[in-house]
Amino acid sequence: MISFILTLRRMLKAMIQLIKDKEFQVLLVITLTILVSGTIFYSTVEEFSVIDALYFSAATLTTVGSANLEPATDFGKVFTIIYMISGIGVMLTMILKLSRQITSKEKN
């Protein structure tokens with residue numbers, strides 16, 4: 001638990017420093033927009049609860065996946081394919097920028 005708290009603290013410090021960076025701001029807004037749009041889609045079309053839809057959207061974009069949730073409709077499956085293709089790169093770019101910030105502070 002202590003390790004988690006220390007890691008979370010480092011991540012939050014890095015995010016606070018990165019929030020001043022214009023590129024990170026754009027990535028953050030795009031990522032949040034993609035997460036919200038996925039959440040809205042899955043909660044309305046696939047009838048997931050809002051928290052399940054957000055969880056599924058985040059799990060999909062981070063390539064973790066979800067064994068318990070999956071789209072049931074053909075439209076949902078097609079949307080998910082497009083969602084993954086368009087969203088994974090954006091999410092991973094933001095995570096990469098954040099991890100670079102964290103590791104650069106550890107080296108200094």
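## What you're looking at

This is a predicted model, in which local features need pLDDT of at least 70 and side-chain atom pairs count only at pLDDT 80 or more, while totals for chains, interfaces and linings use all residues. Residues are numbered from 1 along each chain as its sequence is written, and side-chain values use heavy atoms, with hydrogens and water left out.

## The overall layout

The chain has four helices and zero strands, so defined that helices (H or I, at least four residues) and strands (E, at least two) are DSSP runs numbered from the N terminus. Read from the N terminus, the order is α-α-α-α. The C-alpha trace spans about 50 × 35 × 20 Å along its principal axes.

Of the 108 residues in the chain, 31% are buried; here buried means under 20% relative accessible area, exposed means over 50%, and partly exposed is in between (1.4 Å probe, protein chains only). Take contacts (heavy atoms within 4.5 Å) between residues at least 6 apart in sequence: 63% of them join residues at least 24 apart.

## Surface and charge

The accessible surface of the chain is about 7,200 Å², and carbon and sulfur atoms account for 69% of that. Those areas come from the Shrake-Rupley method with a 1.4 Å probe, and for residues only the protein chains shown count as cover.

On the charge side, there are 10 positive and 8 negative charges, with mean positions 21 Å apart. Lys and Arg count as positive, Asp and Glu as negative, and His and the chain ends are not counted. Each charge is placed at NZ of Lys, CZ of Arg, CG of Asp or CD of Glu.

H2 has 23 residues and reaches 33 Å from its first C-alpha to its last, close to the expected 33 Å at 1.5 Å a residue. The expected span is 1.5 Å times one less than the number of residues. Buried residues in H2 include Phe24, Leu27, Leu28, Phe41 and Tyr42.

Setting aside neighbours within four places in sequence, Thr60 is in contact with Thr80, Tyr83, Met84 and Ile88.

## The aromatic rings

A pair of aromatic rings is described by the distance of the centres and the angle of the planes. The structure holds nine aromatic pairs. The rule is that rings of Phe, Tyr and Trp (its six-membered ring) pair if their centres lie within 6.5 Å, with planes under 30 degrees apart counted as stacked, over 60 as edge-to-face and the rest as tilted. One of the pairs is Phe41 with Tyr42, edge-to-face at 5.3 Å centre to centre and 80° between the planes. Phe41 is buried at a relative accessible area of 10%, and Tyr42 is buried at 0%.

Why is the pair of Tyr42 and Phe56 edge-to-face? Because the ring planes of Tyr42 and Phe56 are at 85°, with centres 4.8 Å apart. Tyr42 lies in helix H2 (residues 22-44) and Phe56 in helix H3 (residues 50-61), so this pair ties together parts that are 14 residues apart in sequence. Phe41, Tyr42, Phe48, Phe56, Phe75, Phe79 and Tyr83 form one aromatic cluster.

Phe56 counts as buried at 6% relative accessibility. Not counting residues up to four places away in sequence, Phe56 touches Tyr42, Phe48, Ser66, Leu69, Glu70, Pro71 and Thr80. As for Val26, 30 residues from Phe56 along the chain, the two C-alpha atoms are separated by 23 Å.

Most residues other than glycine have a negative phi, and most peptide bonds are trans. Glu47 has a positive phi near 60° and is not a glycine. At 68% relative accessibility, Glu47 counts as exposed.

Thr63 is the other one to check: its phi is positive, about 60°, although it is not a glycine. Thr63 follows H3 and is found in the loop between H3 and helix H4 (74-107). With a relative accessible area of 51%, Thr63 is exposed.
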